[in-house]
Structure formats: structure tokens, C-alpha cells
Amino acid sequence: MPHDGPLDPDRARAIRDSFAAQSLMATLGARMTMLAPGRAIIEAPILPGARQQHGYAHAGLTFSLGDSAAGYAALTVLPAGSEVLTAEIKINLLAPGAGERLIATGRVVKPGRRLVVVTAEVEAEHDGARRLIAVLQGTMVPVPPG
């Protein structure tokens, strides 16, 4: 559920700083490539250390990117200084993560003061073509400033 207008530049910077503080995302080589009200995109290469036994992206990589994209989408609709924690999130793996990188697009379905319902789609990119490999749906709990 995108909201009207662009994201305040100070708010966007604070959210990007929060993302940069996640050591797991750094370990995975993930980058936040888009941030807008109610929406976030996180991309990561499928590194040799993030593959399962068949050579595909491990489901843990897929889940981590989808969870983070959904969480940062939620953060865009909350007051400045807030953070979020995942209360619950489920994943449906639709296809193997074959390719060079994964792209996770998180979206807010329903914002709220106590709960934010979110979704994410994760695509695998191979030779420039993208394939939907997973969908996630969950609930984020806002953590107020202070």
C-alpha cells in the first residue's frame, strides 16, 4: 500500500542507516536499492556461501531478504525514530533460487499503530530475466522511539 508523496529525505536516511547496521545484510552482500512510502527493495548476489546443496540460493537467503524488505517497508509508514520487529512471517517457496541475484520487494498491506501487515515478493535474476521464487506475508510490531 504505497502512500502519497515521496519519503522525507531525513527519514529515508535514518532508515538506510538502520539497514546499514544489520551485519547479516552486510554478510550477504545485500543493498537497499529503493525506498518509498510503504515500499522497499533489497537485492543481494547469490554468493557461494549462500547456496544450498543443489547450487540454488538457500531458502535462508530468500527468507532473510524478504523479511528485511517487508520490515523496512513497514518502517517507512511509522513515526521518525521508530523501529520494527517481526512478530510473525511466513514464506511460500515457489521455485528454486537459480541465478546471479535475488531481489526482494517489500510492501505494506495495512499500516497500524500496534501492528503493520506486510508482504514481500522475492525474485531470482538470471541473465537479466526475473522469476518469482517466493512470497512472504507477515506482521511487524512497531517499536516506538526512545
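How many residues does helix 3 have, and how far does helix 3 reach from its first C-alpha to its last? Helix 3 (residues 59-75) comprises 17 residues and reaches 24 Å between these atoms, close to the 24 Å expected at 1.5 Å a residue, where the expected span is 1.5 Å times one less than the number of residues. Of the 17 residues of this helix, 14 are buried, so helix 3 is largely enclosed by the rest of the structure; buried denotes under 20% relative accessible area (1.4 Å probe, protein chains only).

The model is predicted: local features require pLDDT of at least 70 and side-chain atom pairs count only at pLDDT 80 or more, whereas totals for chains, interfaces and linings use all residues. Residues are numbered from 1 along each chain as its sequence is written, and side-chain values use heavy atoms, with hydrogens and water left out.

The chain contains three helices and six strands, assigned as DSSP runs (H or I, at least four residues, for helices; E, at least two, for strands) and numbered from the N terminus. The order of elements from the N terminus is α-α-β-β-α-β-β-β-β. The radius of gyration of the chain is 15 Å, close to the 15 Å given by the globule rule for 146 residues, so the chain is as compact as a globular protein of that length; the radius is taken over C-alpha atoms, and the rule is 2.2 Å times the number of residues to the power 0.38.

Of the 146 residues, 42% count as buried. Among contacts (heavy atoms within 4.5 Å) with a separation of 6 or more, 64% involve residues 24 or more positions apart.

Methods
Buried < 20%, exposed > 50% of the residue type's maximum accessible area, 1.4 Å probe, protein only.
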